[in-house]
Amino acid sequence: MYTIDNKSYPCCTSVTMKFIGGKWKAVILVHLMDGAKRYNELRKLIPTITERTLSLQLKQLEEDNVINRKVYMEKPPLMVEYTLTEFGNTLIPVLELITEWGRGADKISKKIIKDVP
């Protein structure tokens, strides 16, 4: 049994999913593996996510110490940049495996149709 923020998790897998679970967290983190991104960059990279969902997911990832949020106020307009924390960087091997699995999934499942751009 594990406890995070006074909430119990029955196994190590549920702990991992607490940090990367859901439809968008892993997607956001994969984009941040390449380096710092601004909010609008993430919106363009993930066009099907709503602004509200992106904001909520970023806030939760920040609260979980998976990402850093840095606000630059030296010059207008205000700029906010997101990066992986040291803790977030420990998730990179997991995210790379998830990504690799997704690349080949269309070859083993008839349900998945890969659109060619």
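**Pocket lining, salt bridges and a buried glutamine**

Glutamine 57 is found in helix α4, which spans residues 51-63. Helices here are DSSP runs (H or I, at least four residues), numbered from the N terminus. The model is predicted, so local features need pLDDT of at least 70 and side-chain atom pairs count only at pLDDT 80 or more, while totals for chains, interfaces and linings use all residues. Residues are numbered from 1 along each chain as its sequence is written, and side-chain values use heavy atoms, with hydrogens and water left out.

Glutamine 57 has a relative accessible area of 14% and counts as buried. The classes are buried under 20%, exposed over 50% and partly exposed in between (1.4 Å probe, protein chains only). Neighbours within four places in sequence set aside, glutamine 57 is in contact with Trp24, Lys25 and Ile28. Contact means heavy atoms within 4.5 Å.

Trp24 also belongs to the lining of the largest pocket. A pocket is an open set of points on a 1 Å grid over the protein atoms alone, where a 1.4 Å probe fits, with protein on both sides within 12 Å along at least five of seven lines; lining residues have an atom within 4 Å of a point. The space in the largest pocket is about 360 Å³. This volume is the space filled by probe spheres set on the grid points. Helix α2 gives the most, with 4 residues. By class, the lining holds 7 nonpolar, 3 polar and 1 charged residues. Ala, Val, Leu, Ile, Met, Phe, Trp, Tyr, Cys and Pro count as nonpolar; Asp, Glu, Lys and Arg count as charged; the others, Gly among them, count as polar.

The model has 5 salt bridges, each defined by a side-chain nitrogen of Lys or Arg within 4 Å of a carboxyl oxygen of Asp or Glu. One of them joins glutamate 41 and arginine 38 at 3.9 Å, N to O. Glutamate 41 is partly exposed at 29%, and arginine 38 is partly exposed at 38%. Another pairs glutamate 51 with arginine 43 at 4.0 Å, N to O. Glutamate 51 is partly exposed at 49%, as is arginine 43 at 24%. Aspartate 106 bridges to lysine 107, with the closest N and O atoms 3.8 Å apart. Aspartate 106 is partly exposed at 22%, whereas lysine 107 is exposed at 66%.

Notes. Helix = DSSP H or I, 4+ residues; strand = E, 2+ residues; numbered from the N terminus.
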